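This report looks at the overall build of a chain and then turns to a single helix within it. Please keep the sequence and the structure in view while reading.

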Amino acid sequence: MGSVMNFVLPLIIDGKDLQADTAERLFSEDTFGRCHNHGEGILIQGADATSCRLAVESCSRAFVSWKNSSPHYRRELFLRLANLLREREDEIKLLMQLEINCSPLWSTINVEDSIKMIEEAAALTTSLALNGIAPQSHSTSVQALVLNEPLGVVLGIAPWNSPLILGFRAVVAPVAAGNTAILKGSELSPRTHHFIANLFRDSGFPPGVLNFLVHREEDAGEVFRALIETQEVRKCNFTGSTPVGRLIASKAAMELKPVLLELGGKNFAVVLEDADLEQAAKLVLEGAFLYNGQICMSTDPVLVANSVMDAFREKLLNIFQGSAFGITIAPVRTAKSAARIRRLITDAESKGARVTQLTTKSDTVEHPEIQQNIIPATIIENMDTSMSFYSEEAFGPLLGIIPFSSQAEATQVIQGCPFGLSAAIFTRNHFSGLQIAKTLRVGAVHINGATVHDESTLPHGGHGDSGWGRFGAGWGLEEFTHTKTVIMNE
């Protein structure tokens, strides 16, 4: 493969490393990994139908005892998992920075939020929501019980852009609720996702409670079918793009399997005429450009009241072009993504947009393979509905500015978007902000905050083309249980 290969990253099934006898499904580390390892590439063991079957069988065996395990035992294991992640914090931070080319800030956010998520799941293992209720029957001689029980084997499909948080999120709630899980990692962050599965193993979780698979990009369809078509896999959760989410939901529906989908977002910020413009400008930029805008909740357009447009624009550009803009912009993850983002910029310019770009603030990029992925932080003004960026998710360092004349007009623009993940409203009148928030079909509305924000104690998910279902806290655990009614007669 043109470089020295000195290590194979294995799958993890039934508590053991698994490497195939043949090299048929091996694939090489992608651009960032190769460049950072100075040519000493890492081969990744890709999954096939056989390894999928082994993973499902292992999870199915482990489920028999895991579903009946003590909540206190599960809590102890999850607390051990959180503590072990703390101990290995420096290791995983460096790994993420090298593997997905993220900043130290983004790797720190990934670690800190993952620890909070795991500790929240530990606390919820003894939650009443996982037990059930005893509703009153019409007859005094009948007692009904409604029990919450784990589903069985859950497939969690995690993306690369926030690999630690979203990798843990794909499996922590299912396992805490008494299910066993398969973490299907991303081929763009295989080492981080392997780290997660290995941490479960090192924390003492029984073999088969969590298994790890990853595969070549071209094998995605085959691997998903091999997993979702098995009787034992009872639910799938997926975080990723809307087009892929449609395919997953369609195939799962044919198998009568429920799915939890957190998909793309076209996330609007709204700056009302009474907003603190300095604060709004700072947080809009943070929401748009943190980790190059490669976050599902990233701000794409900001809607600005006409009466404050000039003042807001001045403050936004002053921060953007000055020393106060402290966000590092690095090359985006893939050449394919870079080409798509350039197309959005070129299309907007050709249709009359005014484009302001910032000289890229990143470390010296010496490798030609990475050089092609550099997209400067970009602000697009004079947007209109003819531009592709008006309706397409950027998932890159782009921010559009759209003026509006009334709150009704701003709301209409947002409601006309098929996505519905996150939004932000900037106003000094919190009651007015709340009233607007109630009208928006989005999963979360941040009043005087950036669109990029989530917490382990809150539900997280979208509407419309941004998916359905909720991760997070008790809502997330309930996603991975089903109810059983027991009626006892005298």
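## Overall build

The secondary structure of this chain, which is a predicted model, comes to 17 helices and 23 strands. Along its principal axes the C-alpha trace spans about 70 × 70 × 40 Å. The radius of gyration is 24 Å, which agrees with the value near 23 Å that a compact globule of 490 residues would have.

## Burial, contacts and surface

Of the 490 residues in the chain, 56% are buried, and among contacts between residues at least 6 apart in sequence, 77% join residues that are at least 24 apart. The chain exposes about 20,400 Å², and carbon and sulfur atoms supply 53% of that area.

Helix α11, formed by residues 309-321, has 13 residues, and the distance from its first C-alpha to its last is 18 Å, close to the 18 Å expected at 1.5 Å a residue. Its buried residues are Met 309, Phe 312, Leu 316, Leu 317, Ile 319 and Phe 320. Because these residues cover an arc of only 160 degrees around the axis, they lie on the same side of α11. On the other side of the helix, Asp 310, Glu 314, Asn 318 and Gln 321 are exposed.

## What covers the buried side

The cover over the buried residues of α11 includes a helix, α10 (277-289), together with the strands β13 (267-271), β14 (299-305), β15 (354-357), β16 (378-381) and β17 (398-404).

Technical notes. Residues are numbered from 1 along each chain as its sequence is written. This is a predicted model: local features need pLDDT of at least 70, side-chain atom pairs count only at pLDDT 80 or more; totals for chains, interfaces and linings use all residues. Side-chain values use heavy atoms; hydrogens and water are left out. Helices (H or I, at least four residues) and strands (E, at least two) are DSSP runs, numbered from the N terminus. The expected span of a helix is 1.5 Å times one less than its number of residues. Buried means under 20% relative accessible area, exposed over 50%, partly exposed in between (1.4 Å probe, protein chains only). The arc is that of the directions from the helix axis to the C-beta atoms. Contact means heavy atoms within 4.5 Å. The radius of gyration is taken over C-alpha atoms; the globule rule is 2.2 Å times the number of residues to the power 0.38. Accessible areas come from the Shrake-Rupley method with a 1.4 Å probe; for residues, only the protein chains shown count as cover.
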